[in-house]
Amino acid sequence: MAEASYPPDLKYHPEHDWARIEGDTATFGITWYAQDQLGEVVFFDPPEVGKSISKDQPYAEVESVKAVSDVVAPLSGEVVEVNEALSDAPEKINEDPYGDGWLVKVRLSDASEVDELMDSAAYEGSLA
């Protein structure tokens, strides 16, 4: 299990999702807090490549030993890549939520939405 952390180079959504912005694309995942609340992740049901997703709307499901949870999109765009490694090893979401446990990569449709997300300090403050 990863140590609690909230990398400062990421942007955070109130529903415990993160986005790593790289030009006009972003990598999405769930935060350390989210995976800690879920417990051991046993299945990831990703969207299909090419699917359009909308900010603040569910786009995937993560199943843990406790529950099935929707994953909410921090930004809008088109899914360009899915982390296929998670189909065989969904526990990577627990072990490395900001690295090997990433969920999808998205081509952003509205880069201005990034301004609505929190930085790491604001996100950590929201957890208190």
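A polar contact is a pair of N or O atoms within 3.5 Å; within protein, one of the two must be able to donate a hydrogen and the other to accept it. In this predicted model, a polar atom of the Asn94 side chain lies 2.8 Å from the backbone nitrogen of Val41. The model also has four salt bridges, and three residues, Lys55, Asp56 and Glu116, are linked in a network of them.

- Asn94 sits in helix α3, which covers residues 92–95.
- Its relative accessible area is 5%, so Asn94 is buried, because the limit for that class is under 20%.

**Asp9 and Arg20**

- A salt bridge joins the side chains of Asp9 and Arg20, with 3.9 Å from N to O.
- This pair links distant parts of the chain, eleven residues apart: Asp9 is in the segment before β1 (11–13), while Arg20 is in strand β2 (residues 17–22).
- Asp9 is exposed, with a relative accessible area of 54%.
- Arg20 has a relative accessible area of 21% and is partly exposed.

- The side chains of Lys55 and Glu116 form a salt bridge, at 3.3 Å from N to O.
- Lys55 is in the loop between β5 (52–53) and β6 (58–64), and Glu116 is in the loop between β9 (104–108) and α4 (120–126), so this pair ties together parts that are 61 residues apart in sequence.
- Lys55 counts as buried, because its relative accessibility is 13% and the cut-off is under 20%.
- Glu116 is exposed, with a relative accessible area of 54%, as the class begins over 50%.
- Asp56 also belongs here, being part of the salt-bridge network with Lys55 and Glu116.

**Arg107 and Glu78**

- Arg107 and Glu78 meet through their side chains in a salt bridge of 3.7 Å, N to O.
- Arg107 lies in strand β9 and Glu78 in strand β8 (residues 77–82), so the bridge ties together parts that are 29 residues apart in sequence.
- Arg107 is partly exposed, at 40% relative accessibility.
- Glu78 is partly exposed as well, with a relative accessible area of 33%.

Key:
Residues are numbered from 1 along each chain as its sequence is written. This is a predicted model: local features need pLDDT of at least 70, side-chain atom pairs count only at pLDDT 80 or more; totals for chains, interfaces and linings use all residues. Side-chain values use heavy atoms; hydrogens and water are left out. Helices (H or I, at least four residues) and strands (E, at least two) are DSSP runs, numbered from the N terminus. Buried means under 20% relative accessible area, exposed over 50%, partly exposed in between (1.4 Å probe, protein chains only).
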